[in-house]
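Biologist: I would like to learn how to read a few features of this model. Please start with the strands.

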Amino acid sequence: MNLAQFNRILQQALLLPVIALLLTAAALYWQMRSANETVGIIQTTDARISQVTLVAKLIVDEESALRGYETTGDDRFLQPFNDAGNRLPAEFDKLANLTGGDPQQQYSLDDLRNEHQTWRDAFALPIIALVKAGGHTSDVDLNLYGKSLMDQTRLDIDSITRHAESKRSDRIAQWQRQVRNMVEALVAIALGMGVLIGLFMRSRLHAVSSAYSNSLEILSKRAEEIYQSEQRLRTTLDSIGDGVITCDANGRIQMMNPVASGLTGWSPTEATGLPLEDILHIVNEHTGERVETPVAKVMRLNSVVGLAGQTALIRKDSSQILIADSAAPVRDQTGETVGIVMVFRDITLERRTQEALLANEKLAVAGRLAATIAHEIHNPLDSVSNLLYLMRNGVTEEESKQFIDMAERELARVTHISRAMLGLYRESKAPVTIDLKEMLEEVLLLMEHRFNDLGVTVYANIPQPIEVDAFPAELRQVFTNLITNAAEAAGSGGEVRVNASPMPAGFNNAGHKMPPGALIIVADNGSGISDEVRPHLFQPFFTTKGERGTGLGLWVSQGIIQKHGGTIDIASDTGESAHGTVVSVFLAEKPTINTNPAMN
């Protein structure tokens with residue numbers, strides 16, 4: 001049952017009693033109206049009886065006054081007679097109006113009026129005239145005649161009265177029947193409506209009860225599903241290898257998994273309800289200064305955020321580990337942030353491993369260059385030794401000067417080679433401005449003997465100095481790796497081309513805005529890189545050189561370029577007519593150094 005159906009049932013439950021009450025009120029009104037009509041008729045009958053009584057009293061007053069005047073002859077007795085006679089016509093008219101159009105009543109009233117008028121004209125007025133004339137009124141026949149007229153009048157009054165009382169009794173009986181019928185009807189309607197409402201409400205309540213039972217069953221199933229889902233979620237969180245902490249919108253901890261508990265040193269029971277800053281005490285790895293918490297950063301930016309590089313976590317026991325993490329807002333249906341979830345992991349071992357791999361790669365590069373350096377230094381020294389031998393065996397002054405100049409040039413070459421070797425591994429604490437032209441030429445000089453051994457011809461096209469801010473030792477390592485790879489891929493008789501040119505600000509092929517900088521291209525005409533190998537080029541420990549390679553060169557080079565905020569891309573072709581590989585390196589002129597690059 002949906003909400004609309006439930007509202008419809010409520011409306012029906014409300015409207016049915018109202019309709020029943022309205023019907024009951026209508027029936028009661030109809031019965032009361034009939035009863036009121038009957039009462040009105042009874043009241044009219046009572047008024048008619050009262051009017052007949054009044055008329056009878058006035059007629060009696062006339063007769064009594066006449067008897068008194070007849071006996072005494074005193075005119076004072078005529079006053080009531082005259083008063084009654086004056087009033088009777090009007091009272092007869094009132095009585096006529098109260099007949100209600102009943103022909104029988106009207107006929108009896110006409111008889112009464114005629115009989116009274118006959119008594120008055122045929123008896124009363126002659127008696128009065130006789131008394132005034134001084135005559136005697138003791139005539140028995142005359143008085144009997146008057147008595148008979150009055151008796152007839154009384155009979156008419158009694159007839160009218162009895163008829164009215166009979167009507168009144170009938171109307172009272174009718175009213176009583178109506179009242180009884182009304183009570184019976186009300187009882188019947190009440191019982192009928194009660195049964196009808198009861199049956200209807202029973203069916204509606206049954207429907208609501210069934211819907212409620214179904215809702216309870218559905219809610220029970222959903223609650224069980226939610227519980228199972230929560231259990232699966234908790235199991236999943238407990239099984240995740242990273243630490244997970246959830247907080248409310250105020251930054252107070254709601255939940256943390258066992259990994260987070262192990263990394264922070266706080267148990268979930270201890271941490272729940274505490275501010276995240278009290279549990280996750282994060283500082284800069286090098287300065288020890290406290291950094292902004294992920295909760296504050298998420299609430300400020302309202303988006304997914306990550307920790308800055310080189311972030312350390314101070315655990316409960318005051319020990320320190322390096323961590324990497326991210327935090328994201330938890331939003332409700334309206335989009336409001338109601339909490340924060342944070343995921344972090346211990347990267348201490350990973351960082352130490354990376355540092356060890358970088359050191360090993362430097363040693364590998366140094367090993368590959370050791371023979372070249374020794375040969376490059378040995379050749380000038382041999383030349384100097386030969387020049388000294390010649391000078392000992394006697395030479396002219398001009399030849400001596402010539403030999404001394406040649407020896408100085410060879411020694412300068414040795415000095416230049418040794419300085420380049422030292423520059424390859426001299427670490428700097430901060431980026432400095434370097435000339436890429438000078439650096440590339442030094443690297444090519446150091447690798448000249450290697451190129452001769454491989455039978456590779458190297459062409460350098462660096463027409464002008466190009467300055468960028470960088471760590472020089474790290475860039476020398478990158479270019480040494482890339483040029484060595486190109487020379488080995490080209491093979492005997494192959495060619496390697498090294499180009500460097502300044503790049504103005506603009507957009508790259510992906511549509512991203514690029515700052516001003518430099519583009520260095522190392523290209524070879526080797527056999528190219530196959531499609532199967534290409535996706536793995538920047539993965540650590542992947543190599544195609546067998547025992548001769550470490551599989552770290554390109555991985556380390558990519559990390560160094562990313563650290564300098566630059567990009568490195570490889571394009572290759574394995575076709576028969578056109579083949580070879582092109583490595584493109586972009587370096588910004590004024591880069592933002594990323595001290596924690598992501599190495600793939």
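Modeller: Two strands pair if DSSP finds at least two bridges between them. In this predicted model, strand S11 (residues 495-503) and strand S14 (residues 517-524) run antiparallel and are joined by eight bridges. One of the partners in S14 is glycine 517, bridged to methionine 503. Strands (E, at least two residues) and helices (H or I, at least four) are DSSP runs, numbered from the N terminus.

Biologist: What is the order of the five strands in the open sheet?

Modeller: The order is S9-S11-S14-S16-S15, with mixed pairing. Strand S9 (457-461) and strand S15 (567-574) are the edges, each pairing on one side only.

Biologist: Which helix packs on the sheet, touching S11 and S14?

Modeller: Contact means heavy atoms within 4.5 Å. Helix H13 (residues 472-490) touches S11, S14, S15 and strand S16 (579-588).

Biologist: How do I read the residue numbers and the limits of the model?

Modeller: Residues are numbered from 1 along each chain as its sequence is written. Local features need pLDDT of at least 70, side-chain atom pairs count only at pLDDT 80 or more, totals for chains, interfaces and linings use all residues, and side-chain values use heavy atoms, leaving out hydrogens and water.

Biologist: Is serine 318 buried or exposed?

Modeller: Buried means under 20% relative accessible area, exposed over 50%, and partly exposed in between (1.4 Å probe, protein chains only). Serine 318 counts as exposed because its relative accessibility is 58%. Its place is the loop between strand S5 (311-314) and strand S6 (320-331). Although serine 318 is not a glycine, its phi is positive, about 75°.

Key: Axes fitted to C-alpha atoms, helices over the stretch in contact; angles between N-to-C directions.
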